[in-house]
Amino acid sequence: MSDQPSGANSRPETPLPSEDAAGSDGALKAGDAGKSGAAVPPEDAVRSASGAGHDTASDAPGGEGTAAQVPGQEGTAAQESVRAAAAVPPQNTGPYVPVVPAYLQAPPPPADPWRRRAQEQKPSALSRLRPSVPPPVRAATLWAVLATALLSALLLGDGLGPNLLMVAAPAALAAFFAAQAAGRRLRPWTAVWAVGGLALLAVPALRDAGWPTFLAVVSALALGSLALHGSRTWPGVLLGSAGLFTSVAAGLRWGWRGVRDRADDSGGRVRTAVRSAVVALVLLVVFGALFASADAAFADLLGSLTPDVSVGDSPWRLFLFVLGLAGALATAYSAAAPVRWDSITVRPGPARSRVEWALPLIVLNLLFAAFITLQLAVLLGGYDKVLDETGLTPAAYARQGFWQLLWATVLTLLVIALALRWAPRSGPRDRTLVRGVLGVLCVLTLVVVASALRRMDLYVDAFGLTRLRISVAAVELWLGVVLVLILAAGVFGAKLLARAVAVSAAAGVLAFGLISPDGLIAEQSVQRYRSDKTIDVLYLRDLSADAVPALDTLPEPLRSCALERIQRDLETSDTPWYASSWGEARARDILKNHAAEGRGSECYELGGHDSEREGYEDEDSYDPY
């Protein structure tokens with residue numbers, strides 16, 4: 001067995017040949033090495049090639065003058081080739097490294113798909129609309145957010161009333177602190193939206209009816225969102241009124257980062273604050289319980305001031321806490337980094353030619369003019385003749401036309417919007433044409449609005465006022481205000497049109513809640529009864545406590561029949577002061593001084609015997625309001 005190691009590294013190194021051996025006859029030729037099958041070292045191969053070349057050069061005819069025949073320099077070229085080959089490092093030398101099979105080699109680490117997806121993901125449209133990054137949340141903002149969440153959990157579970165203003169106050173402070181940290185300043189329109197939103201939240205504190213309260217709360221949220229985002233264009237006003245909801249998730253992450261950073265940097269201050277709060281709470285509970293047991297008057301005062309929290313409604317309170325926390329953080333985040341909804345631009349459509357654009361609108365104006373001419377003829381003396389020819393009663397004639405005129409007003413506004421999109425705009429003449437045609441259409445539509453309101457007046461005089469009728473009449477009146485604003489924009493410019501329409505809507509909702517719709521329905525019903533007309537007691541008894549002052553003036557037994565159910569609802573309700581409205585408190589005082597008497601089945605025989613109303617009910621019994 002040989003002592004030499006096996007493998008590629010067992011080959012011995014060949015010593016560098018001397019100059020005398022370069023041209024010796026005993027050199028191994030390339031052909032002989034190939035026949036023997038042995039590995040030929042690089043230097044041997046060079047020597048063989050040199051020798052072969054030397055012999056070939058000497059035997060070839062005409063080979064005189066070649067390098068191989070220069071005297072005294074035979075083998076010089078071969079020696080240089082050998083030295084160049086020796087300068088190359090020897091191959092397959094060094095320590096033995098075993099070859100690992102492929103199936104035993106560790107696979108390369110896989111690429112991170114999440115990182116690749118994050119790199120390839122394009123920024124969302126919302127992130128492009130929110131270019132600014134909010135600064136770190138301040139301690140004052142966090143405390144205001146916490147106060148909002150606690151007040152939401154403690155106060156909102158019993159109903160809506162002044163508690164909405166109590167909850168909105170710390171939320172507004174959180175937004176103020178966040179905006180101040182971001183360097184935002186209070187602008188005039190921001191103040192308008194903010195004041196309008198707070199004014200709308202006063203409606204639940206004044207009125208007991210649920211439907212004006214719902215409209216006021218939704219409108220207050222819309223105005224608050226506009227105050228935070230500062231929108232002024234049509235896309236900005238429409239999307240900015242609901243833009244607060246786009247900041248909920250980002251606001252929660254922003255608040256959590258602020259709490260985590262402050263907990264890491266505060267050392268023992270957080271634990272000190274928690275201990276102080278716990279000690280203060282224990283002292284309030286212990287001494288408050290002692291004083292309440294010592295004096296009944298103090299116990300009543302303490303019970304009326306503190307919220308009634310039980311274990312059974314803990315999930316509901318927890319939900320309100322989370323809702324208040326998320327809402328306050330979203331408000332503060334929007335104030336610090338608002339979404340620029342005004343960046344969304346709606347390009348106008350392709351301009352049409354004058355004839356193509358104006359011809360349909362002129363035909364529509366002629367149709368409106370013909371209808372209005374007929375309406376004027378009816379109002380000036382042909383009313384009875386029209387009723388005789390149609391066979392309709394005044395109430396049925398009014399009811400038949402109001403809804404059609406309401407839809408005509410809505411569709412006219414849509415036609416105006418589309419006409420402005422495709423209007424010709426190549427020069428001053430085109431602008432004059434657009435203003436003239438659309439201005440005439442707006443004026444004619446205003447007459448249609450007046451006709452619809454007149455029909456509703458006839459309808460209410462025959463059937464009485466209800467929630468549905470007063471609602472649709474208010475909508476028709478607001479559409480007329482929008483038409484007036486469009487006319488003003490055509491004269492003075494449309495820069496403020498979007499915000500003016502939003503202000504008119506908010507003002508309409510506020511006025512609708514302040515006039516007390518239920519109280520107005522009750523007053524109109526009482527006046528109709530005093531004019532020798534019937535009264536629908538079965539409908540009036542379902543109104544809210546806002547109707548009690550007007551219904552209290554009815555004679556007996558109508559008064560007791562109208563107030564019996566309202567009085568029972570107030571007696572069974574244990575609503576705390578912060579969830580009670582002024583209308584409910586006033587109704588309690590009235591019924592406390594002069595309670596309604598129980599009439600039983602006698603109430604079903606009173607009122608509601610108007611023949612026209614009975615015919616209306618047979619024709620269309622669905623009237624939820």
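What follows is a working chat about a predicted model of one chain.

Biologist: What is the count of helices and strands in the chain?

Modeller: The chain has 27 helices and 0 strands. The model is predicted.

Biologist: How much of it counts as buried?

Modeller: Of the 625 residues, 35% count as buried.

Biologist: And what share of the contacts with a separation of 6 or more comes from residues 24 or more positions apart?

Modeller: Those residues account for 78% of them.

Biologist: Let's take helix 21. How do helix 11 and helix 21 cross?

Modeller: The axes of helix 11 (residues 210–229) and helix 21 (residues 497–514) come within 9 Å, with a crossing angle of roughly 150 degrees. Angles over 145 degrees count as roughly antiparallel, so helix 11 and helix 21 are roughly antiparallel to each other. Their crossing is left-handed.

Biologist: Which residues meet there?

Modeller: From helix 11, Trp211, Pro212, Leu215, Ala216, Ser219 and Leu223. They meet Ala506, Val509, Phe512 and Gly513 of helix 21. By type, the residues of this contact are 8 nonpolar, 2 polar and no charged.

Biologist: What about helix 9 against helix 21, parallel or antiparallel?

Modeller: Roughly parallel. The axes of helix 9 (residues 188–200) and helix 21 cross at roughly 20 degrees and come within 10 Å. Angles under 35 degrees count as roughly parallel, which is why the pair gets that label. The crossing of helix 9 with helix 21 is left-handed.

Biologist: Which residues make that contact?

Modeller: Helix 9 contributes Trp189, Trp193, Ala199 and Leu200. Helix 21 contributes Arg499, Ala502, Val503, Ala506, Val509 and Leu510. The residues of the contact of helix 9 with helix 21 divide into 9 nonpolar, no polar and 1 charged.

Biologist: Where is Ser516?

Modeller: Ser516 is in the loop between helix 21 and helix 22 (517–530). Its phi is positive, near 60 degrees, in a residue other than glycine. Most residues other than glycine have a negative phi.

Biologist: Is Ser516 buried or exposed?

Modeller: Buried: the relative accessible area of Ser516 is 7%, and the cut-off for buried is under 20%.

Biologist: Helix 22 next. How many residues has it, and how far does it reach?

Modeller: Helix 22 has 14 residues and reaches 20 Å from its first C-alpha to its last. That is close to the 20 Å expected at 1.5 Å a residue.

Biologist: Which of its residues are buried, and what covers them?

Modeller: The buried residues in helix 22 are Pro517, Asp518, Gly519, Ile521, Ala522, Gln524, Ser525, Val526 and Arg528. The cover includes helix 11, helix 19, helix 20 (467–492), helix 21, helix 23 (537–540) and helix 24.

Biologist: What follows helix 22?

Modeller: Asp532 follows helix 22, with a positive phi near 65 degrees.

Biologist: And helix 19, what should its residues span?

Modeller: Helix 19 (residues 428–463) has 36 residues, which should span 52 Å at 1.5 Å a residue. Its end C-alpha atoms are 52 Å apart, so the two agree. Just after helix 19 comes Gly464, with a positive phi of about 100 degrees.

Biologist: Where is the cis peptide bond?

Modeller: The cis bond joins Glu556 and Pro557, with omega about 0 degrees. Pro557 is in the loop between helix 24 (548–551) and helix 25 (558–572). Most peptide bonds are trans.

Biologist: Glu584, buried or exposed?

Modeller: Glu584 is buried, at a relative accessible area of 7%. This residue is in helix 26 (residues 582–593).

Biologist: What does Glu584 touch?

Modeller: Not counting residues up to four places away in sequence, Glu584 touches Asp208, Ala545, Leu570, Ser573 and Thr575.

Biologist: How about Leu238, buried or exposed?

Modeller: Exposed: Leu238 has a relative accessible area of 56%, and exposed means over 50%. Leu238 is in helix 12 (residues 234–240). Its C-alpha is separated by 9.9 Å from that of Arg499, 261 residues apart along the chain.

Biologist: Last one. Where is Ile344, and what does it touch?

Modeller: Ile344 is in the loop between helix 16 (314–336) and helix 17 (354–390). Leaving out residues up to four places away in sequence, Ile344 touches Leu129, Pro235 and Leu239. The C-alpha atoms of Ile344 and Leu239 are separated by 9.7 Å, with the two residues 105 residues apart along the chain. Ile344 is partly exposed, with a relative accessible area of 28%.

Key: Residues numbered from 1 in each chain as written. Predicted model: local features only at pLDDT ≥ 70, side-chain atom pairs only at ≥ 80, totals over all residues. Heavy atoms only, no water. Helix = DSSP H or I, 4+ residues; strand = E, 2+ residues; numbered from the N terminus. Buried < 20%, exposed > 50% of the residue type's maximum accessible area, 1.4 Å probe, protein only. Contact = heavy atoms within 4.5 Å. Expected span 1.5 Å × (residues − 1). Axes fitted to C-alpha atoms, helices over the stretch in contact; angles between N-to-C directions. Parallel < 35°, antiparallel > 145°, perpendicular 65-115°, else oblique. Left-handed = near helix turned anticlockwise from the far one by under 90°. Nonpolar A, V, L, I, M, F, W, Y, C, P; charged D, E, K, R; others polar.
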